[in-house]
Amino acid sequence: MRNPLRSEGEAYRFLWVVVLGAAIIIAASFINTWLGVAAAVIGFAWLGRWLLQEPVPGAADPPAVVTSGTPPGTHRVLVVAPPGTQSLKVPDGAEVLVVVPALAAAHESLTGAVDDRRHDAEATADALAERLNGARVEVGADDPALAVEDALRVFGADEVLVAGDADGMFEAIRERVAIPVSRA
Amino acid sequence: MYLFIASEIMLFGSFFTAYFFVRIVNGVAWPTPPYHLPVFVATINTFILMTSSATMHWSTVSIKRGNVWGMRAGLLLTFLMGLAFLTSQLYEYMRAGFNTSNGAFPTIFFCLTGLHGCHVFVGLSILAFMTIRAFRGHFSAENHHGVEIGGIYWHFVDVMWIVVFTTVYIL
């Protein structure tokens, strides 16, 4: 769906679209009241169709999967642990980064009210950091797939381990990355 | 942004519902005799506001090209034109010859134009901060998010004025 207020340039163009539409409706209504009503109905229908169109062809396509890799001789593992995870078993001899996504409900994400969820994730991250000596533990985005994608940008990994039994989270991550994903 | 647009649509929508109810469902003449709407002043105000949108766009384009003085001039002109719009609207209110105690027509008129006037006031406040920041050298070709966001709001206010002007003054 098109957002007419996404940028200043688009908002400016939208303003002139509205000015043009208003001018047509005014001109039609001066000729005949019902012609003005018809112009308004057609104008609003066209506006609705225009708003529903894709602004950039291909913008709604699913994003490309994220690939990752590590330098020769190293084995890196990215572990995703949802908030509340008490313990984790990580592979011996591997460099490990644990990401705790600040999982939030849809309405919390939509309204930006994710502060409490972030505090929960930080508490879990602190607890896990104490238990896992030598492992880096970080808090990630509220979307687990996005948290993994962010982590892979700075921490190339050979595999992703997902703790917990949330099937939705596991599947979302597996669809998003091109490296092996398994349950921790 | 979608939540903002939705909340604004609901806010203006409630006032427009009252307007259409009074004018169409109740069949009250618009404007109710013997009152007259100051259409000429409102038309001049419309041109002022449309020009202010153009200067706002000029300001944003200028800073994107690294033209700091173009941005400053654009913001200052936009602020002055917004101020001119608001001042003439207040003057128009004082000379209207009716007030909210004169029935449904003046009440809806003041509510709709007043609601838009409040948005202009908020936009002017944002513009004032943007202009001060611009003259203090806060924006550059790489960092101009503040100008972009303020510009979006200003164009939105202008879009709403076109809707208000068309329905209240012209049709």
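Biologist: Which residue in β4(A) does Val79(A) stand opposite?

Modeller: Val79(A) stands opposite Leu161(A). Helices (H or I, at least four residues) and strands (E, at least two) are DSSP runs, numbered from the N terminus. This is a predicted model, where local features need pLDDT of at least 70, side-chain atom pairs count only at pLDDT 80 or more, and totals for chains, interfaces and linings use all residues. Residues are numbered from 1 along each chain as its sequence is written, while chains are lettered from A and ligands numbered from 1 in the order in which they are written.

Biologist: OK, so how many bridges pair β1(A) with β4(A), and in which sense?

Modeller: Four bridges, in the parallel sense, between β1 (residues 76-80) and β4 (residues 159-162) of chain A. Two strands count as paired if DSSP finds at least two bridges between them.

Biologist: What does β4(A) join through three bridges?

Modeller: That's strand β5 (residues 181-183) of chain A, and the two run parallel.

Biologist: Why is β2(A) largely enclosed?

Modeller: Because five of the seven residues of β2(A) (residues 95-101) are buried. A residue is buried with 20 or more other C-beta atoms within 10 Å of its own, exposed with 12 or fewer, and partly exposed in between, with C-beta atoms placed from the backbone. For chain A as a whole, buried residues make up 26% of its 184 residues.

Biologist: How does Glu138(A) come out, buried or partly exposed?

Modeller: Glu138(A) is partly exposed, with 18 other C-beta atoms within 10 Å. Its place is in strand β3 of chain A. Leaving aside neighbours within four places in sequence, Glu138(A) is in contact with Leu97(A), Val99(A) and Ala125(A). Contact here means that the two C-beta atoms, placed from the backbone, lie within 7 Å.

Biologist: How far is Glu138(A) from Glu122(A)?

Modeller: Their C-alpha atoms are separated by 8.0 Å, and the two residues are 16 apart along the chain.

Biologist: Switching topic: how many residues does each chain give to the contact between A and B?

Modeller: Chain A gives 14 residues and chain B gives 16. On the chain A side, they divide into ten nonpolar, three polar and one charged. Ala, Val, Leu, Ile, Met, Phe, Trp, Tyr, Cys and Pro count as nonpolar, Asp, Glu, Lys and Arg as charged, and the others, Gly among them, as polar.

Biologist: At what angle do α1(A) and α2(B) cross?

Modeller: Roughly 155°, with the axes of α1(A) (residues 8-31) and α2(B) (residues 39-64) coming within 10 Å. They are therefore roughly antiparallel to each other. The cut-offs are under 35 degrees for roughly parallel, over 145 for roughly antiparallel, 65 to 115 for roughly perpendicular, and oblique for the rest.

Biologist: Which residues meet there?

Modeller: Glu8(A), Tyr12(A) and Leu15(A) meet Ser53(B), His57(B) and Thr60(B). By class, this contact of α1(A) with α2(B) has two nonpolar, three polar and one charged residues.

Biologist: Last one: how far apart are the axes of α4(B) and α5(B)?

Modeller: They're 10 Å apart, and α4(B) (residues 104-135) packs on α5(B) (residues 145-170) at an angle of about 160°. So these helices are roughly antiparallel too. The contact of α4(B) with α5(B) has 14 nonpolar, six polar and one charged residues.

Definitions and conventions
Axes are lines fitted to C-alpha atoms, for helices over the stretch in contact, and angles run from 0 to 180 degrees between N-to-C directions.
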